[in-house]
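Hi,

Here is the structure I promised to pass on. Have a look at it first, and then read my notes below.

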There are 2 protein chains.
Amino acid sequence: MDIFSNITKEDLERMIKCMNGRRIKYKKNGIILSSFQNTDIIGIICSGSADLIRIDYNGNKAVIESLKEGNVFESNMFNMDNNELSIIALEQSEVLFLEYKNIINRCGNNCSCHNQFIDNLFKIVISKLNNNYKRIHLLTQKTIREKLLEYFKFLANQENSKRIRLPMNYTALAEYLSVDRSALMRELKYLKEDRVIAVLDNRYILLNTF
Amino acid sequence: MDIFSNITKEDLERMIKCMNGRRIKYKKNGIILSSFQNTDIIGIICSGSADLIRIDYNGNKAVIESLKEGNVFESNMFNMDNNELSIIALEQSEVLFLEYKNIINRCGNNCSCHNQFIDNLFKIVISKLNNNYKRIHLLTQKTIREKLLEYFKFLANQENSKRIRLPMNYTALAEYLSVDRSALMRELKYLKEDRVIAVLDNRYILLNTF
DNA sequence: ACAAACAAGTTGCAATTGCAACACAATACT
DNA sequence: AGTATTGTGTTGCAATTGCAACTTGTTTGT
């Protein structure tokens, strides 16, 4: 899902001007956005990567969203609660900022590319929403076994096959499911012993139930 | 957050026509939308209430979102995965359907109310996203105690007071945090014993830490 | 006003899980 | 090529949690 899909290069350049676009470079650990600024903007990671993090009342940092090249963030979210949200560059990165009000209230030209842009943006946000619902579904499963099986079934459904490939390593999966890594490994072992799954080489898993 | 805020009644009526609006009444348990239909629409609950539910591979129903009067749902989400999502009326309800394509590609009139509508819609979706991130933050806490305290701190921050009012009952809270209700009650008791919180009459709680 | 339905509160016990502390394999770094 | 870092896999043990089975309040409906 690309924010610029179905938009020609010429239209794009014109539109970026129209939306008061500014490209800014950040060093590693640079603060791309924090709750203190409260401008409504849309940001696009042109190169590099960044994390959207929440700093909670105890000072703990939690990664809410990982942003990679081409990904989009919406600053509107920042003013919602008194939550301290920040976006931090993980490496040397370039970000394109667009003004929210110029996205919503388009210029007089009524260019169709602008509609396409809003369509893309809306679909990106909806897809984020959907990812969240999925994760919530997994997190609300009672046992690690259930979390794993539901996750595997998501993948199997997506790939339309009993043979699935994990898109992340076990350490990351444990974090995603919010369980202890060693406990996850143990449960995987039990699942193998019970012949519910078979782990093939590398990161491939075969589901015996579907 | 109202989808029609800052839009006059006259503009509204015009716009609804423009977006091919259709009002449909449903009986209790009526299917407002299911994954099988794949039209891109925005739905608004005019009266009554409904649940957005996921039916998983075992046939278990999980409520993803509770929709009340004035709330909005986006059917775009339905075509994302092979997930079986449905919206079911919980009581006699009326729903206004608007065509997504007519929302994005506006009519020639270039009316400002249309921009306002897109602004409202976008902010609603962003606020849903934000609610999800909050819930994920709570669900990823390791212990019931941490879940409760983070939840209380959200509320205290929102109300800017150590004295908070729970917006739901304990049964609903246990479900929201995905923990056993009796275990939640037990943890509340421990929190009281440890003087971390004090439970006032009804549903008011006083936080001793902040 | 009464019953029925729902919510709060309690507790023993067993199952699940997190934690700590490892060994070992794979990858990345210089 | 050798070292440092990161990921995998294992296990004992203690802490947390879910479950079951209750009792006691509190609402709601007729």
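In chain A, helix H1 (residues 9-18) packs against helix H3 (residues 112-139) at an angle of about 80°, and their axes are 10 Å apart. The axes are lines fitted to C-alpha atoms, for helices over the stretch in contact, and angles run from 0 to 180 degrees between N-to-C directions. So H1(A) is roughly perpendicular to H3(A), a label that covers 65 to 115 degrees. Helices here are DSSP runs (H or I, at least four residues) and strands are too (E, at least two), numbered from the N terminus.

Who touches whom? On the H1(A) side the contact is made by Asp11(A), Arg14(A) and Met15(A), and on the H3(A) side by Cys113(A), His114(A) and Phe117(A). Contact means heavy atoms within 4.5 Å. These residues divide into three nonpolar, one polar and two charged (Ala, Val, Leu, Ile, Met, Phe, Trp, Tyr, Cys and Pro count as nonpolar, Asp, Glu, Lys and Arg as charged, and the others, Gly among them, as polar).

A quick word on the ground rules: this is a predicted model, where local features need pLDDT of at least 70, side-chain atom pairs count only at pLDDT 80 or more, and totals for chains, interfaces and linings use all residues. Residues are numbered from 1 along each chain as its sequence is written, chains are lettered from A and ligands numbered from 1 in the order in which they are written, and side-chain values use heavy atoms, with hydrogens and water left out.

Now the rings. Over all chains there are 10 aromatic pairs (rings of Phe, Tyr and Trp, its six-membered ring, with centres within 6.5 Å; planes under 30 degrees apart are stacked, over 60 edge-to-face, the rest tilted). One of them is Phe73(B) with Phe97(B), edge-to-face at 6.3 Å centre to centre and 80° between the planes. This pair links distant parts of the chain, 24 residues apart: Phe73(B) sits in strand E6 (residues 72-74) of chain B and Phe97(B) in strand E8 (residues 93-99) of chain B. Both Phe73(B) and Phe97(B) are buried (under 20% relative accessible area, with a 1.4 Å probe and protein chains only; exposed is over 50%, partly exposed in between).

Tyr151(B) and Phe152(B) make a tilted pair, 6.3 Å centre to centre with 50° between the planes. Tyr151(B) counts as buried because its relative accessibility is 6%, and Phe152(B) is buried at 0%.

Finally, chain A has six helices and 11 strands.

Cheers

Terms used:
Angles under 35 degrees count as roughly parallel, over 145 as roughly antiparallel, 65 to 115 as roughly perpendicular and the rest as oblique.
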